[in-house]
Amino acid sequence: MISIIGAGPAGSYLAYLLAKQGKEVSLFEDHSRVGVPIQCTGLVTSSIEEMIKIKKEFLINKIPKVRIVSPDGNYFELKFNKPNILFHRAKFDQYVAELAENAGVKICLNHKFKDYKKPFVSFENNKKYKTDYLVGADGPASKVAQVSGLYNNRKFVIGMQARYTSNIDKDTIEFWLDKQSFGWVVPESESIARIGIVAYSNHNLIFKEFLNKLKKKVTLIEYQSGLIPIYDPNVKTQKNEVYLLGDAATMVKATTYGGIIQGMQAAEELTKAIISNGNYEGMWRKRVGKELYLHLLIRKTLDKFSKEDCNELIEIASKQNVKYMLENFDRDFPSKFLLKLIFKEPRLLKYGLKALI
């Protein structure tokens, strides 16, 4: 028996893959519905299609362009080689969980994880089950990580997002750079957008300032917010028969704070590790660890930027040779283009040196 705690995309996808391999799997979710509450923008690159077929029931928008904006309002635009994909996040989570259930996974709702005393996993509803493997896919503050001694000294940022009605360019994402914060405007349609920020502190104030900076007349529909882990390259993700996956293992890009694709890719590696008794730690690091580390280095560099640095970066990135590379490489995988980018535009090297200093 394999017990997976958390029916987000990573946990449900892992359950699905293991069930397809003939494993007996139970997927435990602490809420009464999968995918609720929503704590994510639901924006991913086209590489998601290598794992999950996009269905109209959860697809909201395909967005072909991005605008990168400096604190002073200077910007440049890119047209993606393949459009970014915006999900209805709850419906996406429910779809992946349904795939798992159809493959034979037992899904148990209203099961809030409490403890693990080998070989039993127990829940706050006083139920417990015998298990051979335990997987924590239970989010940033993972209780599985806590009780198994894998939590360590984690660090987090706060993500605040709200859905608003406004006049929106439905074909353009906006990413706003600023010192130690990051903002976005992601269009659902011509009249609704998801607007949010990530910040280390003072997130309420920064969110209000960001809304003012946008100079848009907006009407609130709903708030969506949550805790986001900062990737820890020293994170331990396995202890005997206990594994961590996705946000529970801090597998989040520090540049844009998304982790759906990385968590699902790690799920593929964990499936292989369980089936073949392989080294999960080494397998997921080889697949996504280098990329997550590069995202972390980029974030540390951006956090040291002044407003002048941000404006200069916008000017450099507006050059045609730089734009071409950014448009034709997937931002999820910086190892595929970062060095080539520096060779094309050596001025970018000084920012890396600044971060090291």
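Salt bridges are the subject of this tour: the predicted model holds 15 of them.

Select R163 and E222 to begin. Their side chains meet in a salt bridge, with 3.1 Å from N to O. The pair links distant parts of the chain, since R163 belongs to strand 11 (residues 156-165) and E222 to strand 15 (residues 219-229), 59 residues apart. Colouring by accessibility separates the two partners: R163 has 16% relative accessibility and therefore counts as buried, the cut-off being under 20%. E222, at 31%, counts as partly exposed.

Next, select E268 and R287, whose side chains form a salt bridge of 2.9 Å, N to O. E268 lies in helix 5 (residues 260-276) and R287 in helix 6 (residues 280-303), so this contact ties together parts that are 19 residues apart in sequence. E268 counts as buried at 17% relative accessibility, whereas R287 is partly exposed with a relative accessible area of 29%.

Remain on helix 5 and select E269 together with K272. The closest N and O atoms of this salt bridge are 3.2 Å apart. Both residues lie in helix 5, three residues apart, which is about one turn of the helix. E269 is buried, at 7% relative accessibility, while K272 is partly exposed at 45%.

Conventions:
Residues numbered from 1 in each chain as written. Predicted model: local features only at pLDDT ≥ 70, side-chain atom pairs only at ≥ 80, totals over all residues. Heavy atoms only, no water. Salt bridge = Lys/Arg side-chain N within 4 Å of Asp/Glu carboxyl O. Helix = DSSP H or I, 4+ residues; strand = E, 2+ residues; numbered from the N terminus. Buried < 20%, exposed > 50% of the residue type's maximum accessible area, 1.4 Å probe, protein only.
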